[in-house]
Amino acid sequence: MTERSTQQKSSAPASENERAKELLVRAREQGRLMALTDAVFAIIMTLLVLDIRVPQLAAGENLAQGLLRVWPNLLVFVISFLLTGMYWVSHRDLFTLLRGVDRGLVWLNILFLLPVALVPFAASL
């Protein structure tokens, strides 16, 4: 065996161990889970506004009168948006206290997002 092939064999396990450690560290990072959660919240909050329709103004009717006709939808939007925002802020605050994540926490996060994702449906009723 040459000296070079011996060096390659001895460095291969070390690099594999380093790679495994790096993968473990990356798996415990919160970045991807927070990105998923932020995306879900962004979609939820966007869907809330889609239920508001621009009022069609009748002849001689001004914008204030048209907005009065859709005020219940606006109120539901504001309440739902603030509620969803409160969930997001509390989720963000909680995750600042964590050192890392594991598979169990990922699934708990998915279960947390499940009822929150129903807010646009409930707001449209």
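Start with helix α2, where Leu 33, Met 34, Thr 37, Phe 41, Ile 44, Met 45 and Leu 48 are buried. Buried means under 20% relative accessible area, exposed over 50%, and partly exposed in between, with a 1.4 Å probe and protein chains only. Seen down the axis of α2, these buried residues fall within an arc of 100 degrees, so they line one face of the helix. The arc is taken from the directions that run from the helix axis to the C-beta atoms. On the other side of α2, Arg 32 and Ile 43 are exposed.

A word on the source: this is a predicted model, in which local features need pLDDT of at least 70 and side-chain atom pairs count only at pLDDT 80 or more, while totals for chains, interfaces and linings use all residues. Residues are numbered from 1 along each chain as its sequence is written, and side-chain values use heavy atoms, with hydrogens and water left out.

Helices here are DSSP runs of H or I, at least four residues, and strands are runs of E, at least two, numbered from the N terminus. Helix α2 covers residues 31–49, which is 19 residues, and at 1.5 Å a residue it should span 27 Å; its end C-alpha atoms are 28 Å apart, which agrees. The expected span is 1.5 Å times one less than the number of residues.

What covers the buried face? The cover of the buried residues of α2 includes α4 (71–96), α5 (103–116) and α6 (119–124). Contact means heavy atoms within 4.5 Å.

Next, the rings. Rings of Phe, Tyr and Trp (its six-membered ring) pair if their centres lie within 6.5 Å; planes under 30 degrees apart are stacked, over 60 edge-to-face, and the rest tilted. The count by this rule is three aromatic pairs. Phe 41 and Phe 112 have ring centres 6.4 Å apart and planes at 45 degrees, so that pair is tilted. Phe 41 sits in α2 and Phe 112 in α5, so the pair ties together parts 71 residues apart in sequence. Phe 41 is buried, at 1% relative accessibility, whereas Phe 112 is partly exposed at 27%. Phe 112 also pairs edge-to-face with Tyr 87, at 6.3 Å centre to centre and 85 degrees between the planes. Tyr 87 belongs to helix α4, and this pair links parts of the chain 25 residues apart. Tyr 87 is partly exposed, at 34%. Phe 41, Tyr 87 and Phe 112 form one aromatic cluster.

Last, Glu 61, in the loop between α2 and α3 (63–69). Not counting residues up to four places away in sequence, Glu 61 touches Gln 56, Gly 66 and Arg 69.
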